[in-house]
Amino acid sequence: MNAPDLTLHPTPAPAPDAAPPGDVPASAPVPATELELMLTRFRLRARRRSFWLINLWGQDGEPGGRDTITHAELSTILADRDSPEAESAWRAGIPELAALDHELQRIENALADFPESRLARLARVFGLSAADLDLFQACAAVALDPALGRVCAYLHDHASRTGVTEDLAARLYDHGRCGVWPAESPLFRWELVVHREISPTEPRLLMCDPQLRDWLLGKAVLSEALTGAARLQPPQPPLSGWPVAETAGWLARTLEGPPAGRVRLQVAAARGAGRRTFAAAVADKLGLPLLVIDADQVDDAQWRRLFVHAQRQAYLDSCALAWTGDSLARRPWPRSVPDFPLQFLIADPGQESPAASHLVERRLALPPPSIAERAQLWRDHLPAARTWPVDELNLLAERHRVQPGDIARAARLQPARPAAAGQLAREAARTRLGPLAQLLDTPFKWDDLVVPAPIRQSLEAIAFEAEHRVRFWEQAAPRRLFPQGRGLLALFSGPPGTGKTMAAQVIAAHLGQDLFRVNVAQLVSKWVGETAKHFDFLLTQAAEMDAIIFFDEADAPFAKRSSEMRDAQDKFANTDSAFLLQAIENFPGVALLATNLKGNIDPAFFRRLRHLVEFPKPDAALQRTLWEKLVAELAGAEAARALEPSLAALAGGLEATGAQIKYAVLAALFEAQRENQPLATRHLLHGLEREIAKDGRSIGPRDRERILKHG
């Protein structure tokens with residue numbers, strides 16, 4: 001096979017008066033729409049480029065295509081005959097092309113002067129230069145009319161390059177022989193134009209983002225990057241106690257300057273408190289819709305892209321943004337693109353994001369709804385509530401400090417009576433504490449609690465204060481005089497099994513509120529700062545819930561601080577203890593604490609208590625009452641009457657707590673059932689022996705004989 005001839009043969013320059021191969025379009029009416037003008041502009045510039053290429057190939061022969069480089073093509077490249085200067089000189093020497101240039105000028109003038117131009121708005125909002133706008137128009141033209149992709153392939157002389165490249169756009173729009181758009185161009189930073197890789201050896205094709213194509217067509221669509229993470233928040237009537245007007249006024253003054261700023265307003269409140277509703281109400285006052293973005297819907301790798309597309313959406317649709325998600329507290333606020341002027345950050349109390357130095361920052365704690373507002377929320381969300389007796393509705397609103405979201409969710413289930421409504425509202429809030437606390441059943445009533453009369457009176461005083469405290473603290477004078485210490489804290493101390501936990505359950509049942517027992521193992525951590533973090537989250541969430549917090553074994557989190565600093569661990573433990581004491585003092589809710597080891601608690605904790613109740617072991621009379629109640633409840637009243645002498649004997653002379661008696665009766669019942677015999681004294685005696693053996697005690701022969709004689 002002969003080697004190819006690589007001798008370069010100069011090709012003479014074309015005569016200036018050579019006619020272009022192909023038809024030059026005649027003048028036509030100027031298109032009526034901006035998109036048609038943009039498409040026509042692209043077609044005219046592509047036609048003008050094609051005339052030059054046809055002329056060039058006519059002199060040198062057709063190019064070889066993607067797989068073959070011909071001798072003529074090599075000659076053309078090395079002689080630089082396809083230079084922008086050569087093309088421009090050729091066009092100037094062809095009179096027939098003047099009509100095409102005239103037509104192009106008409107189209108471009110009409111496009112530049114188009115009223116309410118979306119292209120002009122795009123350039124203004126995102127800071128696009130004239131060159132940026134040329135590249136965007138080229139990519140948008142191919143997106144709007146996919147058939148133009150074949151035109152691009154022809155102009156590239158490459159069948160697979162069915163799209164715009166920077167080099168092609170540069171030649172079409174007279175920006176030189178190669179791309180003039182740097183990587184930091186607004187087109188790429190805002191992802192108005194995105195790259196598509198064909199292969200490592202091929203130039204990247206440029207594509208108009210589909211959302212921008214639809215936006216040019218007048219369609220209101222979300223960016224693909226926001227799918228599943230964004231939704232519009234419709235404005236609703238705000239609560240009367242919310243500072244909507246004041247906040248909107250401050251924002252208006254700040255945004256309009258001087259100097260005008262970009263504002264991020266952090267709205268802190270419990271979940272379900274209406275944070276998004278508040279943000280939508282404020283934005284509506286400023287004439288803006290609100291787009292809510294859930295940052296937790298993407299991983300860290302996609303966070304920057306989500307942020308850019310959210311800001312872009314806000315600029316395109318002129319809407320404020322509200323950000324939600326636990327991940328916001330740890331993710332940096334990007335600075336890759338300018339923020340839309342108004343952003344809301346929805347956060348749990350104590351979980352706010354770090355301040356962004358380039359933004360005007362403000363934090364706002366959303367006040368919880370008042371009793372009157374809660375009553376009105378029930379009426380608004382549940383039509384049946386408008387027919388309920390006023391006193392029952394007010395009692396529902398006073399007893400259950402639930403959030404607007406909890407009321408809305410409960411109302412969707414259509415409760416018929418206030419009691420059912422309160423139960424549903426409590427259920428809606430039960431998941432907020434996570435693993436830090438567990439819900440306790442509250443099946444007990446006051447009659448189930450067998451304690452000395454003074455203890456009963458103290459517990460009734462706690463229940464009374466808990467029942468009426470909400471309305472009391474809504475008054476201005478108490479709130480002014482007690483900026484701290486509004487919480488109801490009570491400590492129950494005494495030996496195990498004396499009724500401390502049951503007392504908390506009775507109070508919660510009386511109030512119709514949930515009782516959550518704190519998981520101390522989850523709360524207290526060996527890692528520095530983790531205990532304080534868990535405790536802060538627990539109290540913050542509990543303060544906004546319709547619940548009572550119960551600290552069993554309170555001597556663990558509130559232990560005495562060490563006076564000797566042997567190592568760094570002692571120092572951090574003391575720091576955590578000091579934080580816990582301060583936090584519990586500022587807790588505005590109801591917290592009941594129990595301990596078997598009162599002496600292990602830090603003395604500084606006691607002054608923060610509203611009530612201190614000491615539970616003693618039951619005396620003989622209380623023990624007898626416990627035996628009789630438990631046997632009658634579990635075995636029946638007839639069995640209790642038959643065993644009355646034995647129960648009196650069991651209570652006389654043998655020390656046992658209420659818990660020991662309860663489990664002794666339970667063991668006796670199962671033993672009697674196993675023997676298929678009625679419950680007898682010997683069963684009860686055996687059950688009691690099992691329980692007190694756990695304390696290392698036993699029943700002596702004389703006590704055994706005395707009890708069995710009565711049986």
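Start by selecting Phe-42 and showing its side chain: leaving aside residues up to four places away in sequence, Phe-42 touches Ala-138, Ala-141, Val-142, Leu-148, Cys-152, Leu-172 and Tyr-173. Contact here means heavy atoms within 4.5 Å. You are looking at a predicted model, where local features need pLDDT of at least 70 and side-chain atom pairs count only at pLDDT 80 or more, while totals for chains, interfaces and linings use all residues. Residues are numbered from 1 along each chain as its sequence is written, and side-chain values use heavy atoms, without hydrogens or water.

Helices (H or I, at least four residues) and strands (E, at least two) are DSSP runs, numbered from the N terminus.

Then turn to the open sheet, whose six strands follow the order S3-S5-S6-S7-S4-S8 with mixed pairing. Two strands pair if DSSP finds at least two bridges between them. At the edges, strand S3 (230-233) and strand S8 (360-365) each pair on one side only.

Zoom in on S5 (residues 290-294) and S6 (residues 320-324): these strands run parallel, joined by five bridges. Which residue in S6 is the bridge partner of Val-292? Select Ala-322 to see that partner.
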